[in-house]
Amino acid sequence: MPWSDLGAAAAIAFVATAIVGVLAVGVLLLIRRASVLIQLCVVVLATTVAVVASMISVANAMYLSAHDLTVAVTVATMAGVVSLALAAGLGWMIVRNSRSLSALTRRIGRGETVDHAGRHQSAELIELADELVLASKRLAEAQAQAAQLEASRRELVAWISHDLRTPLAGIRAMSESLEDGLVSDPTRYHRQIRSQVEQLTRLVDDLFQLSKLDSGTLTLTLEDVTLFDIVSDAVADVRAFSGGRDIRVATELGRDIVVRADARELTRAISNLLVNAVQHTPPGSLVTVSVQLQHGRAAVSVIDSGDGIAESDLERVFDPGWRGHAARTPTPTGGAGLGLAIVRGIAEAHHGAVSVQNVPGGCRFDLMLPTAV
């Protein structure tokens, strides 16, 4: 075939195909909300019609015999039928997988946890199904965490209400007795009222501190400090109300371990650990404090001589308001179970961490801090 005839045939085929393509695009726009099965069949049908139309147009222009044209059109039509059947089968599988993923999405929307997404016929759908399963698991974890936080919040509000009500009731009763002149020793009542007010002040201070830690508004004044000095000051502060407990500073306490920290906040964190240890150590028993380097970080360890903590409660020790199974009585520091939560917040503010574990004869808290460069 001469090049001129070949060019003419190509031009005729292009025009015929373009016309069919434009019509197919129009049809696809009209059925854009239809099933992908129908859209895929339209595409295959348009392809077949374009081939047949091109062959007929070229045949008429090139004066092919009617027999040859009939054979060519028959072959193209049969190929189009087979292609349409294959497209319909592929479209049906895509629709079935799409409906399966839609049902999976609805289950996730109802809050169900999905462990398996079923079988799918393409890499993209398999990846999408795996992502939905992963999203379901993450959503379940987030819901569980949110439920736990809400339960902790309600528990904290209830406990704080209790700790506020007790000293307030005592202050009211003593004030009424003083007002009615029924007290033989007013000075003693004045001291008790002052003690209750100090307890309320410490509780409010703890709540304010915890709110600053949770909101990230705590401002630290960082400087290089020696842990030996910080621990010594904290031990001296806690000994005043240790109730006969022996708070012993271990002989291996490192005097040359320096950290970059806020001395006031760090002292508060270590004091809270010591107070917690004193509260859970029987009178006459030992509380041990040590400072050492662990894996390149400074570690302050406080070990009490109590009964330890139930394994199921170890993860909740640092939750605000947590007190385990201990009696709900005011503590020497007037706290509401916020001390350990404050320790964790201060540790994280210093880019450190705090952990707890049961050890033979008691419980051990480790406050980990980065050393000064």
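Is Arg268 buried or exposed, going by its relative accessibility? Point 2 has the answer, after a word on the ground rules.

1. Please keep in mind that this is a predicted model, in which local features need pLDDT of at least 70 and side-chain atom pairs count only at pLDDT 80 or more, while totals for chains, interfaces and linings use all residues. Residues are numbered from 1 along each chain as its sequence is written, and side-chain values use heavy atoms, with hydrogens and water left out.

2. To settle the opening question, Arg268 counts as buried, at 15% relative accessibility. Here buried means under 20% relative accessible area, exposed means over 50%, and partly exposed is in between, with a 1.4 Å probe and protein chains only. The partner of Arg268 in a salt bridge is Asp205, with 3.2 Å between the closest N and O atoms. Arg268 lies in helix α7 and Asp205 in helix α5, so the pair ties together parts that are 63 residues apart in sequence. Asp205 itself is partly exposed, at 35% relative accessible area. Helices (H or I, at least four residues) are DSSP runs, numbered from the N terminus.

3. The model has six salt bridges, counted where a side-chain nitrogen of Lys or Arg is within 4 Å of a carboxyl oxygen of Asp or Glu. Another of them joins Glu265 and Arg264, at 3.1 Å from N to O. Glu265 is buried, with a relative accessible area of 3%, whereas Arg264 is exposed at 59%. In the salt bridge of Arg364 with Asp366, the closest N and O atoms are 2.9 Å apart. Arg364 counts as buried at 18% relative accessibility, and Asp366 is buried too, at 6%.

4. Now for the nonpolar cores, meaning sets of buried Ala, Val, Leu, Ile, Met, Phe, Trp, Tyr and Cys residues joined through side-chain atoms within 4.5 Å. The largest has 49 residues, and Leu227, Leu266, Ile270, Leu274, Phe365 and Leu367 have the most contacts inside it. Helix α7 (residues 263-279) gives the most to this core, with nine residues. Leaving aside neighbours within four places in sequence, Phe365 is in contact with residues including Leu273, Val300, Ile309, Phe318 and Leu340; contact means heavy atoms within 4.5 Å. A second, separate core has eight residues, among them Leu101, Ala129, Leu132 and Val133.

5. Helix α5 (residues 186-215) also deserves a look beside helix α8 (residues 339-349): their axes come within 10 Å and cross at roughly 35°. Axes are lines fitted to C-alpha atoms, for helices over the stretch in contact, and angles run from 0 to 180 degrees between N-to-C directions. The crossing is left-handed, which means that the near helix is turned anticlockwise from the far one by less than a right angle. From α5, Asp206, Gln209, Leu210 and Leu213 meet Ala341, Ile342, Gly345 and Ile346 of α8.

6. Thr48 sits in helix α2 (residues 36-62) and counts as buried, at 14% relative accessibility. Ala11, in helix α1 (residues 3-30), is partly exposed at 40%. The C-alpha atoms of Ala11 and Ser54 are 9.7 Å apart, and the two residues are 43 residues apart along the chain.

Key:
Helix = DSSP H or I, 4+ residues; strand = E, 2+ residues; numbered from the N terminus.
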